[in-house]
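I wrote down what I looked up, in the order I looked it up.

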Amino acid sequence: PFAGIGKPGYVKTDKVIGTTDTKTFRDSAEGTIEKDGVEGEGTHRLVREGGPSQTAFLVSSVIDLDEYVGKKAKVYGETFAAQKASWLMDVGKIELLE
């Protein structure tokens, strides 16, 4: 189901998981990955300092985000327009911070 694993341009180390495509996935944010989006948008959320208005909602066709729930991370992705979510990002790469 996750397109990138084992393909050229995909990296998986102890700290960095995902694509090496920095042109597509050029936005980034830091926080803690949690399960569930908002009203059908996103499968996960990135809880950031500054309260609920700073939360980024996440989807990924490249990475199984369930593996990183509860982890503090910097995520790299592409921002999409959303109806409900304040910030919706397709995550291409995760850099674990702890």
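This is a predicted model: local features need pLDDT of at least 70, side-chain atom pairs count only at pLDDT 80 or more; totals for chains, interfaces and linings use all residues.

**Entry 1: strand pairing**

Which residue in β5 does R45 stand opposite? I found that R45 stands opposite F57. Residues are numbered from 1 along each chain as its sequence is written, and side-chain values use heavy atoms, with hydrogens and water left out.

I then looked up how the strands pair (two strands pair if DSSP finds at least two bridges between them). Strands are DSSP runs of E with at least two residues, numbered from the N terminus. β4 and β5 run antiparallel and are joined by three bridges. β5 and β7 are also joined by three bridges, but they run parallel. On the β7 side, D90 stands opposite V59.

**Entry 2: the core**

Next I looked up the largest nonpolar core. A nonpolar core is a set of buried Ala, Val, Leu, Ile, Met, Phe, Trp, Tyr and Cys residues joined through side-chain atoms within 4.5 Å. Buried means under 20% relative accessible area, exposed means over 50%, and partly exposed is in between (1.4 Å probe, protein chains only).

This core has 18 residues, and L58, I63, V75, V91 and I94 touch the most other members. At least two core residues come from each of β3 (27-35), β5 (56-59), β6 (72-80) and β7 (88-96). Which strand gives the largest share? I noted β7, with four residues.

**Entry 3: salt bridges**

How many salt bridges are there? I count a salt bridge when a side-chain nitrogen of Lys or Arg is within 4 Å of a carboxyl oxygen of Asp or Glu. By this rule there are three.

- K12 and E67 meet through their side chains at 3.6 Å, N to O. K12 is in strand β1 (residues 10-12) and E67 is in the loop between β5 and β6, 55 residues apart. K12 is exposed because its relative accessibility is 51%, while E67, at 45%, is partly exposed.
- D66 and K35 have their closest N and O atoms 3.1 Å apart. D66 is in the loop between β5 and β6, K35 is in strand β3, and 31 residues separate them. Both count as partly exposed, D66 at 41% and K35 at 42%.
- E39 and K84 meet at 3.8 Å, N to O. E39 lies in the loop between β3 and β4 (44-47) and K84 in the loop between β6 and β7, so this pair ties together parts 45 residues apart in sequence. E39 is exposed at 62%, and K84 is partly exposed at 49%.

**Entry 4: T20**

Is T20 buried or partly exposed? I noted a relative accessible area of 48%, so T20 is partly exposed. T20 lies in the loop between β2 (16-19) and β3. T20 and Y10 are 10 residues apart in sequence, and their C-alpha atoms are 5.9 Å apart. Leaving aside neighbours within four places in sequence, T20 is in contact (heavy atoms within 4.5 Å) with G9 and V11.

**Entry 5: a ring**

Last, I looked up Y76. K93 lies over the face of Y76, at 4.6 Å from the ring centre. For this, NZ of Lys or CZ of Arg must be within 6 Å of the ring centre and within 35 degrees of the ring normal.
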